[in-house]
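Subject: Handover of a structure with its ligand

Dear colleague,

Please find the structure below, together with its sequence.

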Amino acid sequence: MNELSRTAGVVIVGGGVIGLAVARALALRGLSDVLLIERSSLGAESSSAAAGMLAPQAEADRADDFFHLACQSREM
Ligand SMILES: Cc1cc2nc3c(=O)[nH]c(=O)nc-3n(C[C@H](O)[C@H](O)[C@H](O)COP(=O)(O)OP(=O)(O)OC[C@H]3O[C@@H](n4cnc5c(N)ncnc54)[C@H](O)[C@@H]3O)c2cc1C
């Protein structure tokens, strides 16, 4: 921790698929002052366990706003 910068424009806590995707999206937009902090290994927690299913229909119990958001996200 002592070697880390103490300031950054953006700080992302957690190097799972979400944190890494956010860091990638920021880098693609030209942001360079981004600090990603991971307490263990990148992608080693939930993200390493996921089965790869993108199936909102299998998770939802009704066609509410969240379900439609999940479907749009899957299409992207
Ligand atoms: C068995 C299983 C099967 C799954 N199958 C699917 C599937 O088929 N389809 C699907 O869409 N989703 C699935 N999921 C869900 C999916 O894996 C998670 O929603 C997704 O990986 C979450 O990503 P994340 O980056 O938020 O979390 P994580 O991958 O858990 O990453 C969070 C990271 O933050 C770090 N961290 C936490 N606290 C701190 C801290 N204080 N300081 C620094 N670092 C910290 C952790 O070490 C970790 O690396 C599954 C999950 C499990 C457990």
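This is a predicted model: local features need pLDDT of at least 70, side-chain atom pairs count only at pLDDT 80 or more; totals for chains, interfaces and linings use all residues.

Is Glu38 buried, partly exposed or exposed? With a relative accessible area of 23%, Glu38 is partly exposed; here buried means under 20% relative accessible area, exposed means over 50%, and partly exposed lies in between (1.4 Å probe, protein chains only). Its place is in the loop between β2 (34–37) and α2. From C-alpha to C-alpha, Glu38 and Leu20 are 10 Å apart in space and 18 residues apart in sequence.

Residues are numbered from 1 along each chain as its sequence is written, and side-chain values use heavy atoms, with hydrogens and water left out.

Confidence and overall form

The mean pLDDT of the protein is 93, and 97% of its residues reach 70 or more; pLDDT is the predictor's confidence in each residue, from 0 to 100. Confidence is highest in α1, at 97, and lowest in helix α3 (residues 56–59), at a mean of 92.

The protein has four helices and two strands, and along the sequence they follow the pattern β-α-β-α-α-α. Helices (H or I, at least four residues) and strands (E, at least two) are DSSP runs, numbered from the N terminus. The protein is more spread out than a compact globule, because its radius of gyration is 16 Å, well over the 11 Å that the globule rule gives for 76 residues. That radius is taken over C-alpha atoms, and the rule is 2.2 Å times the number of residues to the power 0.38. The C-alpha trace spans about 50 × 25 × 15 Å along its principal axes. Of the 76 residues, 12% count as buried.

The ligand and its surroundings

The ligand is surrounded by 18 residues, and the closest are Ile18, Glu38, Ser47, Ala51 and Met53; a residue belongs to these surroundings if one of its heavy atoms lies within 4 Å of the ligand. This shell divides into eight nonpolar, seven polar and three charged residues. Both α1 (17–28) and α2 (46–49) supply at least two residues of the shell, and the largest share, three residues, comes from α2.

A backbone N or O atom of Ile18 lies 3.0 Å from an oxygen atom of the ligand. For Arg39, a backbone N or O atom lies 3.2 Å from a nitrogen atom of the ligand. A polar backbone atom of Gly52 is 3.2 Å from an oxygen atom of the ligand. Taken alone, the ligand exposes 1000 Å², and the protein buries 58% of that; these areas come from the Shrake-Rupley method with a 1.4 Å probe.

Yours sincerely

Technical notes: A polar contact is a pair of N or O atoms within 3.5 Å; within protein, one must be able to donate a hydrogen and the other to accept it, and residues adjacent in sequence count only if both atoms are side-chain atoms. Ala, Val, Leu, Ile, Met, Phe, Trp, Tyr, Cys and Pro count as nonpolar, Asp, Glu, Lys and Arg as charged, and the others, Gly among them, as polar.
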